[in-house]
Amino acid sequence: MKKIRFKYLLLVLALLNLTGCDDFLTQVNPNEMSTDSFWQNLDDADAGLIAVYNAFKNQNIMSIGDENNRADMTYPGYGRPNTSNIYYLQNFNNGSSTPNNKWIALYTGIFRANQVINAIDKLMPTYKDEASISRGTIIKAQAHFFRGLFYSYLYNSYNEGSVPLFDFVPEDESQFYQGLQPADKVLEFFVKDLEYARENLPVKWTATKDIGRVTKGAATAVLGMTYLYEKDYNQAITYFKDVIENPEYGYSLMPSIGDNFTTKSEFNKESILEISYSLAFKSQINPYDEQQVSNLYSYMVSPVGGYRSVYPSSWLIMAYKNEAMDTLDTRNFVKNADGTQRLRSYSLRTSYSIALVDDKDLNYYQVLPAQAAAFNNGETAYYRKYSNWDIVTNEKDIFPNQRSGVNVRVIRLADVYLMYAECLIQGGTDEAGVAEALRYINKVRYRSALRLIGPSASSEHPGSMHDEQAYTAAQVMDHLMYVERPLELSLEGHAERHIDLRRWGITKQRFEELSKKVYYGEHYPYVDVKGKPATRWASVLTEGTKTGYVVISDYGQAAQNYVASQHAYWPLPNVEVTTNPSILTN
Amino acid sequence: MKKRIDCIPMRVGVFVFLLVLASLPTLAQTVSGTVTGPEGERIPGVTVLLKGTQNGTTTDGEGYYQIKAPAKGTLVFSFVGFVTQAASIGGKAKLDVQLMEDAVQLQEVVAVGYGTQKKKEVTGAVAQVDNEVLSKSSTSDLGTALQGQIAGVSVQSSSGEPGASSNIQIRGITSVTGSNQPLYVVDGIPYWGDPKLSISEIATIDVLKDAASASIYGTRGSGGVILITTKQGKAGTMKVDLDGYYGIQNITSGVPRTNFEDYMYSYFLWQKNQNGTNLGNTWSPLENTTDGFLHNTDLTNVIEKNNAAIQNYSLNVRGGTKDLTYSVNANYFGQDGMIINSGYERFNVRANTSFTKNKWTIRTSLGLRTENQQYSPYGMLSRIYQYAPYQQPVDPNLQSITNAGANGSGQAQNMGYLAATFQQKDRRKGGQFNGNIQAEYAITKDLKFMTRFGGSSTADTRVRINPLIKTYDNDGVLLPQQVRSGVYNFSDRLSNFAFENTLSYTKTFGGHHLDVFGGITAEEYTYSSFFAQKYDLLSNDITVLNGATLDPNAGSGTGYNQNKTNTLLGMLGRVQYNYKGKYMLSVSARRDASSRFSKKYRWGLFPSFSAGWNVSDEEFFKPLLDKISSLRVRASQGTTGNQNFLDYSNAATITLNKDYAFGPDGSELLGLGDTQTSYANKNVKWETSVQSNIGVDMSFFKNKFTFTADFYNTQKRDMLFPLAVPPTTGAGKNATVVLNVGDMTNKGVELSAGYRKVGKFSWSTNATFTRNINTITKMSGTNTVNYLSGGYVDNVDQVTVIQVGLPAGAFMVMPTNGIVKSQEQLAAYQKLVPTAKMGDLIYVDKKTVDTDGDGVPDQGDGLLNNDDRVYAGSGIPKFTIGLNLNASYKNFDISMQWYGSYGAKLINATRTAAYQYGTAQDLVYQYSSDNQNSNIPAYRGGSHLNARGWSDYWIEDGSFIRLRNVSLGYEFPASVLKKAKLNKLRLYVAAQNPITLTRYMGFNPDVGGDGLASRGIDKGTYPMSAQYRVGFQLGF
């Protein structure tokens, strides 16, 4: 009897074992599709590619604020002369957030690009029709462009160019930890990517859904910059020349420099590489969320509703204020109320780049700059670039707040002109290129009705005002370094000013020079919006000192703290070195 | 504020009402007498029961009792440590009894998985705690009540927040993934996580500490098992217990914070260090806000609340007949937060019934729980350090603020922001229904079939309301909202069931006793969640979703909140044999399959073996019996598993919404992007641990003194491990992949001893000692120093690691050696750190280079990097001690629970934060040209090397001794109770955590932190409080 019972028990146990119960035990993720079921066709690949664009718009990649704070472009906001901005103070280390976040953002983009390349490589052999092959190639070329671009940013930003390389999608533990590659290998790697992109990308996109995708011209420009940064001027010239002269691209300077900085004229003829942002979508999404397609740059620069956490450094404000206008050019004249004409307060380039308290000719947030912003605490100018001064009265008019749809023009033709000029004079060593270099510099200046440089006799615009000086190559180089590039391109590009100072070898010396300059602010009487007379105290930046006025000076700490070995490149971030056993030097 | 004051009298009212209710009279007629011990001493506290009923009383301080009983009845006298004695009344009105001491105290029964065992025959390491001990703590959390009670069960508070659960860890760290929680089994039904019972529902808790015992729960047994048995009815007349307490709580510690003068002084020092500015050319916020001179604001008084109430009331009704018994329990617990906007309320009801008829025994258990938890906004406590003393005082209740500050000033915006955070309402309302039904059928006298079905369903809704706050500046201009008003709703639901079928066979023949048991179980767990959100409230009166106007947003959960179902199948069997209760042997095996693993790795086998020998039962031991009353030795070995990782993490997935807007402004089109954003491991498999245990149980001097010791050694293999994945892989910051890479050991000693003296002055004590040594023994794979992704001190630096030779979660920090005080030191140090200045913290370049080839590194590598980090202890104590003291004299009783923890290191991250905000009192004494002897580094901003979280500068000794509980009670004598027609009335005053002896400078040395990564890192989590309360216990 008892034995029989035991048999039953054993039987029940055995049965359960046999039936397996796989249905009960197999649970499929209801939340997300697995990677195995994705990447099945070109639509999937294109969705993956859009995720690369999504990574590109991550503001940590450009890190516009801090990349300029560590150069000589900006003062980091509040509380002058005290600041705790470690980039401005040259006081950062490998735990500092900006190099960490930038690193993460760039490698995230690379991972996504690798997935697209991987998927296309698997899909392509299955296609026989021309349309699919062509589409697949173009998708792949865009992925290669971004991988190349992101590695070029890494190469030019971190650890003297020596960073880990991923040209595959890692799958298991053995592939996660990649060591540092020598800088020349990194360079070779991303040049190859960009060349592939250049060969296969279209010169133009026409459908609205594609406007903003990268082009052959962009790949060419990035390659040109790469060779310029390597001081391989002749290589650089071939690429820049192509950008400038190839009619397929059709690049030309916009009539107004102001067409490059606001929501107006996005993806214009001057724009070569541009990051798209928009207010049209996702108002419910947190402004800091990766899903969000707007940016926060307006809050960074604007004193009207924003945080003005960066504003122009004093030398730059003075340089803008002192920009020589072409007094023969009608564009520089405005009508007074009584119908008479007078010269603009400041040059067009100055007015569109920064807001000065005494600029009477270009409204700022729909009123005069003096009426719009406070100009207090030693703040004597604000960047207009990246803000919405032309369409709102206050950044907070854009609701929900902390969003801006202004695109970031990463590379525009004027920049290429100036880089081309630099190449023509071989970085200031070749007198043979001077005339041609001046020609391109003057194209940029002419657009903003500035007084041209060099002799008028050999100029494209002989009727314009020239400074009539004979320039040596070194003088042209100085002009590029200290006037033309910073004034034309202030706060623009990928870390451009920082990289420029470094590659020219003048960073420390620049801080030392600038730290010796002293300024003060003159008071500025104005009529406020209610029509009452008022004063913006100490708001007109003036060189020198004046008794009873607060002394303003920049870069004192940077001059002391800057140590090229620590600060010329970002250190390898601690998020990487604590998680990657293959990297231990730091 | 106003509401709270109103509530106190109400609460006192409830207390008084219940007291009055409790003292309502019942009927009785009496037998009386005294109970004495073998030497004639009178024994208080003896339970006197009328046989066959629940009707009973206890003897008073003089050993005197009175009871209503029929003349032909029998009284049963029982008291721990004495032989239970029955005496028939036989018509007598006076019945004196002498009790004999119990030689075999181990007759009590303990729960083991799927069954019970006599204590004497237990071969594993099992410990029991009963309700009386648990109910000494005033808490909603079971873990808190268990702290220090059981050797080998270590409890660390994770937070003092009302409603928070503590970390319970049995025999050391059991897993480096997820939590280290043990498995909770309530009346046979396994729960996924803490079942959150009220303490009054619980009759006993049995903890299966060793793997041999826990392996019957297979895959989930590696963290140990907590078996909870709820109160069951007993046949007899109805018995009613009513208990309650009311108390107040206060925060008693904190990191010293600067006042206005000190703050400004250290502010100017900081600016000098950082910007080279001095008075004359410097700047401070006072220049914009001159009224700052009038302030000396400390938000402590706004954020921390004094005398917050805590209260608990429970009612238990039990009784039944031979065929039907019942127990119904209701409990209310309420705790106001000590931090603004926090609090917790819980109401539990449980009804247990049992029916017996013929061969059937049917038990049912139904439980209900409702919870109401209010959360303070994230990081509230750190605001105390963020908020500078010159800033305006804040009234946390204003919905409209006028004169917030000068037009356009940051101060005005700040006020709006603070008011908005203070008024954020964040409430979770949750409820659970749980129940089980169990039917047992006796096929024969020896063979029983049991089927059990049980489960629970839990639903929560959390609503966060950011009210509309209107802030006007000094000019009367309405400022934009600093925190956008809106409503966020989050709902989740989880349900689980377990279905078990078992057969058990019991047979005794000759001296042989055999138990055979086999069964199958199936379990399923389902979770789903979603949120809905809308912005811009029209009015603060209407705060439902429809009351908000713009930007609706909805979604389902992600990460640990993702929708999921997981299932588990188990087959188990066990054979237990003993000969005359002298030699015991137990063998068990369980085979489990879990849906969390891919098909290839789904099944796991978990065997165990244990044996015991009651040496004192042997003939040869007899001469020793008058000294050593009992001696038993035990040995066991068992295997358990762990499947504790995120569901579906064995397959990489595609994330949506990585979009991009194409087209120029005005004609944009949204491109939809999808991509893989993280990694997964297809080959994840079971983690197993094998544990050996040797134990000895002894008692001396007629069982007055008892002693238990256990030694164990656990070997973990293929440990599931969240390996950090570097950002270069593209998975972002803090990415991990679960791999089976590590091996780990836990070796430990658990001792417990007790002594009991009964008499006019009775006292007893028991003490526990727990020591566990945890070591990582192997890390396969490439990454042998794995920084745990959650182990941040300050959002910059991680310090907890998994590394061979160290305990899991060890602190690896940068060693420092004072600060730079001389130019020579500076010149030398600048070789390592070129940016160094006077007053900087000196980091030590660890010797890692071997220059003379002797195999011993003798020189630094000239670089400051993670190579230089050194081991600096961990947040896990070297040992802990629990000590309980109970004494009674006449009708008075006093009890104390002490808890000591030695050897844990703590990272005082609150202090780090106070440094980084520049509000730490220490900063007044920092190095400066005027204070060159200081050992506090010059402050150069929060992210400077001098204040980085990775240095050993923040490490403190976390040893402490705490008086966890002390209570003084008075039990009314039977004579008085008789008049009031009561069985029992005890009133008491008690204090919890009134004394903590520690050198730790932060809020609370008992820093659990959630999980392994942040253990020992004190990030200013909700501090523990001292509580003082009064209470009553009433029976009728």
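This is a predicted model: local features need pLDDT of at least 70, side-chain atom pairs count only at pLDDT 80 or more; totals for chains, interfaces and linings use all residues.

Reply: Residues are numbered from 1 along each chain as its sequence is written, chains are lettered from A and ligands numbered from 1 in the order in which they are written, and side-chain values use heavy atoms, with hydrogens and water left out.

Me: How many salt bridges does a search of the whole structure find over all chains?
Reply: Side chains of opposite charge can pair when their charged atoms come close. A salt bridge needs a side-chain nitrogen of Lys or Arg within 4 Å of a carboxyl oxygen of Asp or Glu. Over all chains, the search gives 74.

Me: Are A:Lys385 and A:Glu492 buried or exposed?
Reply: These two side chains form a salt bridge, 2.8 Å from N to O. The pair links distant parts of the chain, 107 residues apart: A:Lys385 is in the loop between β7 and β8 of chain A, and A:Glu492 is in the loop between α18 and α19 (496-504). Helices (H or I, at least four residues) and strands (E, at least two) are DSSP runs, numbered from the N terminus. On the accessibility scale (buried under 20% relative accessible area, exposed over 50%, partly exposed in between; 1.4 Å probe, protein chains only), both A:Lys385 and A:Glu492 are buried.

Me: Which residue forms a salt bridge with B:Asp893?
Reply: The closest N and O atoms of this pair are 2.8 Å apart. The link joins strand β50 of chain B to strand β54 (residues 984-998), across 93 residues. The partner of B:Asp893 is B:Arg986.

Me: What is the distance between the closest N and O atoms of B:Lys582 and B:Glu618?
Reply: B:Lys582 lies in the loop between β29 (564-579) and β30 (583-594) of chain B, while B:Glu618 lies in the loop between β31 (603-614) and β32 (628-642). Both are buried. Their salt bridge has its closest N and O atoms apart by 3.7 Å.

Me: What is the angle between the ring planes of A:Tyr520 and A:Tyr549?
Reply: A pair of aromatic rings is described by the distance of the centres and the angle of the planes. Rings of Phe, Tyr and Trp (its six-membered ring) pair if their centres lie within 6.5 Å; planes under 30 degrees apart count as stacked, over 60 as edge-to-face and the rest as tilted. The structure holds 67 such pairs over all chains. A:Tyr520 and A:Tyr549 are edge-to-face, with centres 5.4 Å apart and planes at 70°.

Me: Is A:Tyr520 buried or partly exposed?
Reply: A:Tyr520 is in strand β9 (residues 519-527), and its partner A:Tyr549 is in the loop between β10 (533-543) and α21 (556-561) of chain A. A:Tyr549 has a relative accessible area of 21%, so it is partly exposed. A:Tyr520 has 8% relative accessibility, so it counts as buried.

Me: Which ring does the charged end of B:Arg1029 sit over?
Reply: A charge sits over a ring if NZ of Lys or CZ of Arg is within 6 Å of the ring centre and within 35 degrees of the ring normal. The charged end of B:Lys564 does this 5.1 Å from the ring centre of B:Tyr527. B:Arg1029 does it 5.0 Å from the ring centre of B:Tyr245.

Me: Which residue does a cis peptide bond join to A:Arg80?
Reply: Most residues other than glycine have a negative phi, and most peptide bonds are trans. Here the bond is cis, with omega about 5°. The second residue lies in the loop between β1 (74-75) and α6 (97-123) of chain A. That residue is A:Pro81.

Me: What is the phi of B:Asn703?
Reply: B:Asn703 lies in the loop between β37 (687-700) and β38 (705-725) of chain B. At 2% relative accessibility, this residue is buried. B:Asn703 is not a glycine, yet its phi is positive, near 65°.

Me: What is the separation of the C-alpha atoms of A:Ser134 and A:Asn200?
Reply: A:Ser134 sits in helix α7 (residues 130-157) of chain A. A:Asn200 is 66 residues away along the chain. Their C-alpha atoms are separated by 9.2 Å.
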